[in-house]
Amino acid sequence: MMDAPPYADAAAAAPTADDVLGRLNGEQRVAAETVRGPVAILAGAGTGKTTTVTHRIAWQVASGAFAARDILAVTFTDKAAGELRERLAKLGVRGVEARTFHGAARWMLGVLWTPFTGTPIPQLMPHKIALLEDLVRGLPAPDCYRPRRELAQEIEWAKNRRVTPERYLEELERTGHEQPLKDPRRMQSIYAAYEDSKERAGAWDFEDLLGKLADLLDEHPEAAARLRARFKAITVDEYQDVNPLQQALLDHWTEDAADVCVVGDDYQTIYGFTGASPSWLLEFPDRHPGATVVRLEESFRSTQPVLDLANKLAPQLGGFRKELRPAAALPAAVDPPAPLVTTHATRAQEAAHVAAEAKRLHTEHGVAYEQMAVLYRINARSPEFEAALSDAHIPFTVTSGAFLDRAGARGLLRMLERSYGPVNVAAVVREAAERVGWRPDGKVKGSDEAQTLQEDLGRLVDLAATEQWTEASAFVAHVRERFGVAAGAQGVQLLTLHRAKGLEWDAVFLPRLNEKELPFKSRTSAADTDDERRLLYVGITRARRHLLLSRAVDAGKPSSFLAELGLAAPTPAGMVTRGSGSSRPRVELDDSDPLVASLREWRREEAARNGGKPAYTVFDDKTLAAIVGAKPGSLGELLEVKGVGPAKVERYGEAVLDLVRSIDG
């Protein structure tokens, strides 16, 4: 037999049925009372998944079905494992082995590796970056500038699928996966060199914990038998997030055992880039004939209007159909607000709207700032909202990495801090950005992180061109003040949709609901539409009461998901949109708006002075509409309007600002 877990405790007084089952709703109670046999718990967003899992395990012990030490509960984070142990302890149950996949594998290897291999376990590397640094530095440009974390993630992508360096190119071709480097053979070479360096150092990475254990169990069936004898019942949380390597381990741990329970929501499978797939959850009843399937659909989180909107995505989400409804135990909401959708001419105007609405919810409805969140698709979006919240003097915190803390801004500003004396700051910034990997055409392969790096560097290049900076130190001080004023430990939370999973707030903002943003499409590749739809579903179901959705006209056409939600956003001031024979809306300017009329007249005169060129060569209608919506008060604000570059700011900027001031007074 295997050793007992280090925190196993003596048996405590068993909790009663009322202690464990008394506060559960009907759906949760069915799941908790089904203590034997294969069970799949389909837990919709906010339906009390952790409560159900905890009480089911507690009842497995209290009912006498299993001893606590015979149960293994697998989670995806240390926090979740710790919370599960704490909740079980409050119910009088101690000794259950609750660990992450990696924690469980490390413990099992500690028991099995040396007896079966005759060798000590190698040391565990804390991260891959240090080993990759020397390997990547020797690559030709632009690959040598790739974020090291991105290459580490690519190696994890392969290892989570049990793909060796020798099979890497074959797997790329089979799956259509896009690797980050210019030539896939370079990535294969980096992967192989990384594995060789790690072996020479006598070390393992975190994927090796799972892979080496799976290999051991493949080669030594008696080791797998020991594990199955040690754990007679297994519960797997967040089962929709398992990857092929994790599933291989589960197959060894359970084999044909009937007492396995999986808990998850196929609607919330959003980590496809790690190898996660909803198929393991969806196919569970087929792999385990006679399995009990329990749906949890009573949400303890969101109001009816929020759930109604989320449910509209369900027909396109596929899988196990779930219709969320407010739990009967929730206090009745008085006139719960309907989700609000708005359209703004520019991205800057949209960000300002988010800040204004955050202040309104705080002052008029008493919503604490820390109970608000702005969720966006990639980290590159955070500076827009950091700046808007700073301007409105609203505290905020950036969970996924603030603009000034990210590699692009941090590296470029450090380079500028070494520049002394009068310089052409715009030229210096541009040169520095190119040295750290910025490409003016924006065409770069890779992940969201690579896109974020490009946009962060491009943002600094544009900022440097807005004014005639002559001192690099002055520009650096301006950037640090612009994006760091209101950042703090508490306040409105800014984070990506991926980071938001498992969290909830009273008010949630979902901006930038534009095509190519959600569903996301970089300049070189498009994300899977099904994955992106599930990401939106996760975003919607983070909101308890207030849900505010928006898009910016200058960021492109509306997201196709808005139509699926049955939402039609109003047209911003100064423009109307007309459907045309194509799927692309046509912009028409509203001449009843005085600013529109003035800009049209000025544009016509300017085009005539330019040799009678067409008016759109000055500014097209879409750009004029964006200017009307933004009403810029400075050259810097005008530069933020899409379609207005540095050259046009220099040529037409003062004239445009004069027109705006003359109309607005």
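Helices (H or I, at least four residues) and strands (E, at least two) are DSSP runs, numbered from the N terminus. By that convention, Ala130 belongs to helix α6, which spans residues 129-137. The model is predicted, so local features need pLDDT of at least 70 and side-chain atom pairs count only at pLDDT 80 or more, while totals for chains, interfaces and linings use all residues. Residues are numbered from 1 along each chain as its sequence is written, and side-chain values use heavy atoms, with hydrogens and water left out.

**Helices and contacts across the sequence**

- Ala130 counts as exposed because its relative accessibility is 55%.
- Between Leu135 and Ser189 the C-alpha to C-alpha distance is 9.4 Å, although 54 residues separate them in sequence.
- Ser473 is found in helix α22, residues 472-484, and counts as partly exposed at 47% relative accessibility.
- The buried residues of α5 include Phe101, Trp107, Met108, Leu109 and Trp113. Gly118, with a positive phi near 75 degrees, follows α5.

**Aromatic rings**

- A pair of aromatic rings is described by the distance of the centres and the angle of the planes.
- Rings of Phe, Tyr and Trp (its six-membered ring) pair if their centres lie within 6.5 Å; planes under 30 degrees apart count as stacked, over 60 as edge-to-face and the rest as tilted.
- The structure holds 12 aromatic pairs. One of them joins Tyr239 and Phe284 in an edge-to-face arrangement, 6.4 Å centre to centre and with 80 degrees between the planes.
- Tyr239 lies in the loop between β6 (233-236) and α12 (244-254) and Phe284 in helix α14 (residues 284-287), so this pair ties together parts that are 45 residues apart in sequence.
- Tyr239 counts as buried at 2% relative accessibility, and Phe284 counts as buried at 1%.
- Trp602 and Phe619 form a tilted aromatic pair, with 6.1 Å from centre to centre and 35 degrees between the planes. This pair links distant parts of the chain, 17 residues apart: Trp602 is in helix α26 (residues 594-609) and Phe619 in the loop between α26 and α27 (621-630). Both Trp602 and Phe619 are buried.
- One aromatic cluster is formed by Phe76, Phe101 and Trp253.
- At Tyr267, the charged end of Lys322 sits over the ring, 3.8 Å from its centre. A charge sits over a ring if NZ of Lys or CZ of Arg is within 6 Å of the ring centre and within 35 degrees of the ring normal.

**Cavities**

- On a 1 Å grid over the protein atoms alone, a cavity is a set of points where a 1.4 Å probe fits but cannot get out, and lining residues have an atom within 4 Å of a point. Grid points are joined across faces, edges and corners, and a volume is the space filled by probe spheres set on the points.
- By this rule there are 3 cavities of 30 Å³ or more, and the second largest cavity holds about 50 Å³ of space.
- Residues lining the second largest cavity include Leu375, Tyr376, Arg377, Glu517 and Leu518.
- That lining has 7 nonpolar, no polar and 3 charged residues, where Ala, Val, Leu, Ile, Met, Phe, Trp, Tyr, Cys and Pro count as nonpolar, Asp, Glu, Lys and Arg as charged, and the others, Gly among them, as polar.

**Backbone features**

- Most residues other than glycine have a negative phi, and most peptide bonds are trans.
- Leu518 and Pro519 are joined by a cis peptide bond with omega of about 5 degrees. Pro519 has its place in the loop between β15 (505-510) and α24 (529-540).
- Arg162, not a glycine, has a positive phi of about 60 degrees. Arg162 is placed in the loop between α7 (148-160) and α8 (168-175) and is partly exposed, with a relative accessible area of 31%.
- His393 has a positive phi near 55 degrees. The loop between α18 (382-391) and β13 (396-398) contains His393, which is exposed at a relative accessible area of 67%.

Terms used
Buried < 20%, exposed > 50% of the residue type's maximum accessible area, 1.4 Å probe, protein only. 1 Å grid on protein atoms, 1.4 Å probe; cavity = no way out; pocket = protein on both sides within 12 Å on 5 of 7 lines; lining within 4 Å.
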